[in-house]
Amino acid sequence: AMFQSMPGSRALVLAGKITTASIVTIGAHTILRLLWNLASYQWKYFRSDYSQIPWVWEGFTGKAPSLWKAMPVLMKFSKSRGLQDFYSLIRDSKTLKFKPIVYTGPSIGFDPTVCISDSKYFSLILNDTEGFPKYKPLYNLYETLLGMGLVVSEGENHRRQRKIITPVFHFGSLQAAKTVLERNAKVFIEEELPKTGYLLTQGTFKSYTLDVIIDYAFSGSFDKKWMRAEWHTILRFFPLLNLLRIFVGDFVRYL
């Protein structure tokens, strides 16, 4: 209404000023958030003394982009080998076993990250939900997609939902799922694995488990290939959403 009551030239000038002010505000906000995240990362790193944990690049003699060396987690999004390159860093080069514990630098959310493969650490983490809560920045994005369900919820809400689904994992229920597992395994071996030269990768196995979940949860009422493709399309945007969250905050959840 304000623009309609103005002459054309004045309306254009005002619109231009508003647009410029918006761009400057967003730019300043982005820079301030980035500086805050960097400072926050440094504070967390030194406060918790992560320097006592072996650095992921220790002993590495090959070449890698400087950005990867500063933020190894970005290797996961490489178009060439992605996760395989990242896994090669957290494995012992001689035994090819995963290192018990290794510091992997900042996450996309600029929080210090550690990769572990020792069962005693798993036990410590899984039995201390207060000391090791769900990672809020990531789970806030999952909440946008999944709602406040079992994956996202915590505390009493989480315990209540776990109790509700416990009967699904009783022996009798699992026996009933045997047919679903076998049917999907047959399709997986005969149709999906040949596409990868019978190479079982994390991606192919995730597709198989998703097919089983869809088939078991919805009694075969859904087109699994369509639903799987839709989930993959949605999840491809998660790294981008995470990056945007760093710069514009939780507002990205409503974009």
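Predicted model: local features only at pLDDT ≥ 70, side-chain atom pairs only at ≥ 80, totals over all residues.
Let us begin with the overall arrangement. The protein chain contains 11 helices and two strands. In sequence order, the pattern reads α-α-α-β-β-α-α-α-α-α-α-α-α.

Next, the chain as a whole. There are 255 residues, and 24% of them count as buried. The chain exposes about 18,000 Å², and 64% of that area is supplied by carbon and sulfur atoms. If we take the contacts with a separation of 6 or more, 48% of them are made by residues 24 or more positions apart.

I now come to the aromatic residues. How many aromatic pairs does a search of the whole structure find? The search finds nine. One of these is formed by Y45 and Y103, whose rings lie 5.4 Å apart, centre to centre, with 50° between the planes, and the pair is tilted. Why does this pair tie together separate parts of the sequence? Y45 lies in helix α1, residues 8-48, whereas Y103 lies in strand β1, residues 101-106, so the pair joins parts that are 58 residues apart in sequence.

Are these two residues buried or exposed? A residue counts as buried under 20% relative accessible area. Y45 has 18% relative accessibility and therefore counts as buried. Y103 has 3%, so Y103 counts as buried too.

Y103 also forms an aromatic pair with Y50. This pair is again tilted, at 5.3 Å centre to centre and 35° between the planes. Here, too, distant parts of the chain are linked: Y50 is in the loop between α1 and α2, Y103 is in strand β1, and the two are 53 residues apart. Taking the ring pairs together, we see a cluster that links Y41, Y45, F46, Y50, W55 and Y103.

Which residues make the nonpolar surface patch of about 540 Å²? They are I164, I165, V168, F169, L174 and Y216. Of this group, I would like to consider Y216, which is found in helix α9, residues 202-218.

Thank you for your attention.

Terms used
Residues numbered from 1 in each chain as written. Heavy atoms only, no water. Patch = residues over 30% accessible without salt bridge, like charges linked within 9 Å, V, L, I, M, F, W, Y side chains within 5 Å. Areas by Shrake-Rupley, 256 points an atom, 1.4 Å probe, with all protein chains shown as cover. Salt bridge = Lys/Arg side-chain N within 4 Å of Asp/Glu carboxyl O. Helix = DSSP H or I, 4+ residues; strand = E, 2+ residues; numbered from the N terminus. Buried < 20%, exposed > 50% of the residue type's maximum accessible area, 1.4 Å probe, protein only. Contact = heavy atoms within 4.5 Å. Phe/Tyr/Trp six-rings, centres within 6.5 Å; stacked < 30°, edge-to-face > 60°.
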